[in-house]
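Colleague: Could you walk me through this one? I would like to begin with the ligand.

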Amino acid sequence: MPVEEANINIMTHAFLYGTAVFEGIRGYSTASDPGRICIFRAEEHFTRLKRSAQVLKMRLPAEMAEMLDLTRQLVARSGYRCDVYLRPLIYKSAVRIGVQLDDQQEFAMFVLPWGRKYQQGAPGVSVGISSWRRLEDNAIPSRAKINGSYVNIALSTDEVSANGLDEPLLLCENGHLAEGAGMNVFLVRHGELITPGENSNILEGITRDSLRLLAEKELGLRVIGRDVDRSELYAADEMFLCGTGAEILPVASVDRRPIGTGQPGAITCQLMQLYGRVVRGEVDAYRHWLLPVVSA
Ligand code: PMP
């Protein structure tokens with residue numbers, strides 16, 4: 001149905017309390033055949049959706065094969081012949097006051113055209129460390145992609161943009177780096193890639209996972225997941241943010257201190273180039289990450 005007609009009651013639990021989980025999935029068209037859209041790592045996204053749902057005592061509405069088929073059908077029937085973004089969500093659908101979890105759920109998914117946030121050759125973004133801390137695992141777990149937790153990201157984004165910077169970085173309560181606003185973070189130091197580990201209140205990003213693998217297997221780099229100190233950010237040779245929506249976003253400065261030369265670094269550029277080819281099906285070894293669909 002048209003998105004404008006897909007409405008919910010204002011007393012819906014998920015609207016009142018933020019009790020929903022979601023995914024952001026990208027589909028890439030190719031210049032030679034714009035009607036053929038490759039959905040990137042769809043199964044991994046639905047697996048993460050399932051794990052997020054489990055935290056809020058919800059479940060995927062169907063088996064994996066059917067979820068993938070629904071996704072394929074939605075893209076095919078959308079008629080889009082360009083890059084797209086898919087947003088599946090599972091939400092608490094009870095219409096009532098009362099915050100307890102054991103209740104009804106619904107599933108929805110929509111698709112939108114979606115261009116690239118960063119064009120190769122553009123300068124990197126300015127980032128600033130937010131005074132808002134990343135949600136702790138025992139408050140609202142970042143490992144689960146829970147709608148209500150995005151207030152944390154909205155607050156930090158608003159703060160740094162009021163200070164004239166592009167993107168926030170959020171620290172954990174213990175002072176180590178967690179992640180950016182809906183993006184994981186990588187630093188390059190001494191020729192190695194470093195990213196906050198899975199116990200640093202991060203969402204375990206699918207782009208992060210893809211880049212780790214590509215960096216190790218294709219570029220022969222060492223990739224380390226560990227605690228990252230604030231001062232390491234200022235000392236980094238290169239830095240980038242990554243996520244489904246933004247892909248790879250080079251960082252030019254942190255708290256107004258330039259990173260490297262202030263231009264996207266060599267490793268960042270190599271990864272951007274490689275990732276750009278992988279998601280469009282130009283690298284045979286990674287075609288299994290793509291779910292091809294022919295749009296009507
Ligand atoms: N962290 C958060 C909080 C996010 O919302 C996202 C976007 N899904 C990411 C990291 C990046 O994850 P992915 O690469 O799977 O999009």
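Modeller: In this predicted model, an N or O atom in the side chain of E179 is 2.6 Å from a nitrogen atom of the ligand. That makes a polar contact, a pair of N or O atoms within 3.5 Å.

Colleague: Which polar side-chain atoms lie by an oxygen atom of the ligand?

Modeller: One belongs to R48, at 2.8 Å from an oxygen atom of the ligand. Another belongs to T207, at 2.5 Å from an oxygen atom of the ligand.

Colleague: How much of the ligand does the protein bury?

Modeller: The protein buries 95% of the 380 Å² that the ligand exposes when taken alone. Those areas come from the Shrake-Rupley method with a 1.4 Å probe.

Colleague: How many residues surround the ligand, and which are the closest?

Modeller: There are 16 of them, and Y150, E179, I206, T207 and T244 are the closest.

Colleague: New topic, strands. How do β7 and β8 pair?

Modeller: β7 (residues 167–171) and β8 (residues 177–180) are antiparallel, with 3 bridges. Strands are DSSP runs of E, at least two residues long, and two of them pair if DSSP finds at least two bridges between them. L171 is opposite L177 in β8.

Colleague: What about the turn of that hairpin?

Modeller: The hairpin has 5 residues between the strands, and G175 has a positive phi near 90 degrees.

Colleague: And which strands does β10 join?

Modeller: β10 (residues 192–195) runs antiparallel to β9 (residues 184–189), with 3 bridges. Its 3 bridges to β11 (residues 223–225) are parallel, and I194 is opposite I224 there.

Definitions and conventions: Residues are numbered from 1 along each chain as its sequence is written. This is a predicted model: local features need pLDDT of at least 70, side-chain atom pairs count only at pLDDT 80 or more; totals for chains, interfaces and linings use all residues. Side-chain values use heavy atoms; hydrogens and water are left out. A residue is near a molecule or strand if one of its heavy atoms lies within 4 Å of it. A polar contact is a pair of N or O atoms within 3.5 Å; within protein, one must be able to donate a hydrogen and the other to accept it, and residues adjacent in sequence count only if both atoms are side-chain atoms. Helices (H or I, at least four residues) and strands (E, at least two) are DSSP runs, numbered from the N terminus.
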